[in-house]
Amino acid sequence: MKINKITVTFIVNGQEVTLKVGSKERLLDTLREQLQLTGTKEGCSVGECGACTVILDGKAVPSCLILTGQIGGSEVLTIEGLEADGKLDPLQQAFIDYHAVQCGFCTPGMLMSAKALLIHNPHPSREEIRTALEGNLCRCTGYEQIIEAIESVAKNCQ
Amino acid sequence: MKFSEVNKPVKRVDAYEKVTGKAKFGADLFFPNMLYGKALHSKYPHAQIIKINTEKALTYPGVKAIITAEDIPNNKFGVIIQNQQVLAQEEVLYIGDGIAVVAAETKEAASEAIKLIEVEYKELPGIFDPEEAAKKDAPLIHSELEDNQVVHHRVRKGDVEKAFTQAEVILEREYTTQFVEHSYIEPEAIIAVPYEHNSLVTIYGSIQNPFSCRNAVANVLKVPLNKVRIIQNHMGGSFGGKDEVISSMAARAAVLALKTNQPVKMVNTREESILESYKRHPYKMKYKVGATKEGKLVAMEIKCIADSGAYACQTPFVTWRSVVQATGPYELPSVKTDTYGYYTNNIYTGAMRGYGSPQIVFAQESLMDELADELKMTPLELRLKNIYHNNSITASGQKLDNHQVSLEEVIAKAVKASNYIEKYIEYNKSQLGDKKRGIGMAVSFRGCSLGAEATDAAGAIVAIQRDGSILISSGLAENGEGLKTVFSQIAAEELGVDIKRINYMEVDTSVSPESGATVASRSTLLGGNAVKNAAQQIKRTITEMIADKFKVKSGDLVLRNENIYNKNNNQKIMSFDDAVDLANKLGVFLSAYGWYKAPDISWDEETGQGRPYFTYVYGCQIAEVEVDTATGQIEVLKMVAAHDVGRAINPVTLKGQIYGGIMMALGYGIMEEVEIASGYIKNTNFDEYLIPTIKDMPEIIPIIVENPDPHGPYGAKSIGEPTLELGAPAIANAVAQATGRRIRHLPLNLERVLLGHSLSKGGTKNDIL
């Protein structure tokens, strides 16, 4: 079966890419398979678990529900783009310092949801953190240490 | 005792790669020339396979091979009883049984091709209730067996019949629990690579127990163990769940890889994962308890029936842990317990965090509260009158005389932190409005490690490299809990070096010593001791080498702070690096295999008497809830968890275990149920199978209690599973106090709280499809 390909140009982690994608290709597959950005994980494919969360034009979205063909001109930030100039994002460092990581499979999605939150609201309350991360499932940590990590960054934010 | 590396909140050694997206999980691996495998699953829970036609599917562009049961050299596998089919041969026994597997050049081609496989079935009546399966005239699930019983375990202590005649109060109750999905966020993933590095096949993926997987694959391929190499990747959670289902997937991928001579990758969708992978056993539990008016327990009679589903899987051992722990941590002169497992055509059941304890702890701790009500005592009073202390004799006749039995301590600490006594009195008063509060407790004892059903030993390699950096390899696998960090801390502690020197290797079955499985909350205890043993051997080598050269007694030398000191005068003799240099020059070997075999235990299958476990842990959790009696909504407000862990090697990762265990227990208690009707599974993704989100989190107060155990490394025992088994009964007891109504079935969902029964049960195939 031949599928018609679409050419699409968008920005991933600060770099412009031009790709040929299938009309039904999900952003998740483009990232993982065309761009080898495997930090973005697939957990449920129906937008429920949040493991595939990336930041699209400033908003946290499940990349399993986004068609790549429709994001021409957009800007995508993935977990691989959080670390800048060899320096971890404060959220990444806090996840290490506060033991917010166990198996690590939900971690990239959690970090992207948390990052999107802090972009718009640098000093969120505990309740606002919980609301922002409601769409990210974690089965290991019980969430407590994830909240503590984000709170620590929110507190130290200028 | 002062430590430098253990008993400290050391940061996880694998955190950096996990927060940067660099950590490679099974699905993240790509090999040149790789094919994608996809399995076709059964259409019916029980049917005869008349014919499979793969011709059309084989012509689909990109398809390289299709296998069915006929292509599998040895189609049966299993850790305990070898009766699980790699692919269904003559009959499908449950809805997730595999029929055929396609290998194709793309995922899409593989998915399309399985739709073209034509299977002719003859649908057969199924058995979906273990009590039906137990009947004498029940049709056989496995035709080669005499009946549908997987296993029957017994405990016989004292004369129960006579004891009940002397009881002043007798209570009989029945409790049931549900099918539960592990819900690891990473679906199963496997890549089988043929003829890599001298192995017939190398398998990568999300493999909880690499050695169990190797056994299964080698048996299925009919080749020696040394031809099959399993390399574990980062694991996206397991909780007992990535064992048999992964072995089956690995075997299928291996057969396809050898048939095509190309790497074959298989990654389950969430739907495939829930449909195919085993669940936590549902139990039906009949409890009868006798007590004096003063609240002293005199007898308990227990019958538990577990639904094993289509295969034996771990049922024989899961129900064994249940039989040992079924009475709870209470002194009882007379006990009669029977646990059974039966085959049905439901999805099969296996290991899941708790392993036969969450069910019986729910029953026994609900029962204790019901008995307390009957006796007009508080739940706390009744428990304190009956709990184990040092030198208590368990239902299995084991005298608890080799470690601190700390139930009183964990209860006292949890009671204090939760204000249990005051709140219990307050919530017993009549409450205005629809929202009612309650507080409930649950306590348990839990045998550490595997117990008397299996050989219990573990190994580790500690190898110091030329530059003083250190590699550790163990047969136990990091599943996300923090094992690499804990083992690294132990090696650093023994060698007196900074943990930064250590790199913990992934499990590679061709290199790491076989250590049994990473199960039963045994890794810190067994594997920790093995790492300690290896490090101690190297320490001895280093001190003897230095003693010889500097003419001092090796016993006077200590390794700490990256140096070697003479302990008599605290004088530094040389740095660790210099010692390694010296060893390099002298040709001294600075690597060691460590081994630890657990102390002897015993078990009499007929009477259930013996020493089933060599040591135990104790815990108490207290839940505070608010129930909206108008809607049935339960909100868990607060959970206090006090656990005696022996010694916390890493207090912060340990707290992570408590938080995570409590949230999983909360799901078990009030939310989760794999809804199965006539063998069909209704909820196959997270939009219908709901697990706790960050919004469901109560306030959680973890309390670590440390009574070092003589057997554990630095006194450490277990934490993973104890955290999970107490939450549901504590919540159930709190809900009972809040509403005045006892619910004896899990989960305590809206309908059960409001109506007393679930609306989603008893559907037919047509209702749900």
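Two residues are in contact if their C-beta atoms, placed from the backbone, lie within 7 Å. Keep that in mind as you click through this predicted model.

**Stop 1**

Select β22, β23 and β24 of chain B. These three strands form an open sheet in the order β22-β23-β24, and their pairing is antiparallel. Look at the two edges: β22 (557–560) and β24 (571–575) of chain B each have a single partner strand, so one side of each has no neighbour in the sheet. On average, and ignoring direction, neighbouring strands here are turned by 30 degrees against each other.

Zoom in on β22(B) and strand β23 (residues 563–566) of chain B, an antiparallel pair joined by four bridges. For one bridge, pick B:Arg560 and then find its partner in β23(B), B:Asn563.

Helix α15 (residues 523–550) of chain B lies across β22, β23 and β24 of chain B, at about 130 degrees to β22(B). Helix α16 (residues 576–586) of chain B also lies across β22, β23 and β24 of chain B, and runs at about 55 degrees to β24(B).

**Stop 2**

Next, select residues 357–375 and 379–386 of chain B, which are helices α10 and α11. Their axes are 8 Å apart, and the packing angle is about 105 degrees. That makes α10(B) roughly perpendicular to α11(B). Which residues of α11(B) make the contact? They are B:Pro379, B:Leu382 and B:Arg383, and from α10(B) come B:Met368, B:Asp369, B:Leu371, B:Ala372 and B:Leu375.

**Stop 1: the domains of chain B**

Zoom out and colour chain B by its domain assignment: domain 1 (15–21 + 457–597), domain 2 (31–124 + 188–267) and domain 3 (283–395 + 405–451 + 604–768). The centres of domain 1 and domain 2 of chain B, taken over C-alpha atoms, are separated by 38 Å. Their contact takes 14 residues from domain 1 and 16 residues from domain 2. On the domain 1 side, the residues are four nonpolar, six polar and four charged.

**Stop 2: where the chains touch**

Notes: Residues numbered from 1 in each chain as written. Chains lettered and ligands numbered in written order. Predicted model: local features only at pLDDT ≥ 70, side-chain atom pairs only at ≥ 80, totals over all residues. Axes fitted to C-alpha atoms, helices over the stretch in contact; angles between N-to-C directions. Parallel < 35°, antiparallel > 145°, perpendicular 65-115°, else oblique. Pairing = 2+ DSSP bridges. Domains from an automatic or database assignment. Nonpolar A, V, L, I, M, F, W, Y, C, P; charged D, E, K, R; others polar.
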